[in-house]
Amino acid sequence: MCIRDRYHASFEKLQPVSLKSLPKGTKANESNMKDDITGEGLIQRSDDKPEALHKRLQAYHAQTQPILDYYEPQGVVRLINGDQMPGAVWEELEKNLPAPRI
């Protein structure tokens, strides 16, 4: 799978009871950390901040990218667009990965 450096991180705010993410386009009221639609209190995961993203991208480039660079010329790397609805990701996986041998 491919991680892009131009990744637009929204640094999600979560509703602690349901742990559901706010829908795309919904903004948290940063002054009181409340969902602007439901009024529920919000939390932010400690690993969902700019510093953590920077650290994860550094690890990706140091540890994962060299593996992809080694195997891609051999034709065994399949790029899957994970930035779409789960059903579409699953369809892409099924198209790109061989059926298991039984």
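Begin by selecting W90, which is found in helix α2 (residues 86–96); helices here are DSSP runs of H or I with at least four residues, numbered from the N terminus. This is a predicted model, in which local features need pLDDT of at least 70, side-chain atom pairs count only at pLDDT 80 or more, and totals for chains, interfaces and linings use all residues. Residues are numbered from 1 along each chain as its sequence is written, and side-chain values use heavy atoms, with hydrogens and water left out.

W90 counts as exposed because its relative accessibility is 54% (buried is under 20%, exposed over 50%, partly exposed in between, with a 1.4 Å probe and protein chains only).

Next, select Y70, in helix α1 (residues 50–71). Y70 is exposed at 52% relative accessibility, whereas Y71 is partly exposed at 37%.

Show both rings. A search of the whole structure finds one aromatic pair. The ring centres of Y70 and Y71 lie 4.8 Å apart with planes at 90°, so the pair is edge-to-face (centres within 6.5 Å; planes under 30 degrees apart are stacked, over 60 edge-to-face, the rest tilted).

Finally, select I67, Y70, Y71 and V76, which make a nonpolar surface patch of about 420 Å². Such patches join nonpolar side chains within 5 Å, from residues with over 30% relative accessible area and no salt bridge (a side-chain nitrogen of Lys or Arg within 4 Å of a carboxyl oxygen of Asp or Glu).

Technical notes
Patch = residues over 30% accessible without salt bridge, like charges linked within 9 Å, V, L, I, M, F, W, Y side chains within 5 Å. Areas by Shrake-Rupley, 256 points an atom, 1.4 Å probe, with all protein chains shown as cover. Helix = DSSP H or I, 4+ residues; strand = E, 2+ residues; numbered from the N terminus. Phe/Tyr/Trp six-rings, centres within 6.5 Å; stacked < 30°, edge-to-face > 60°.
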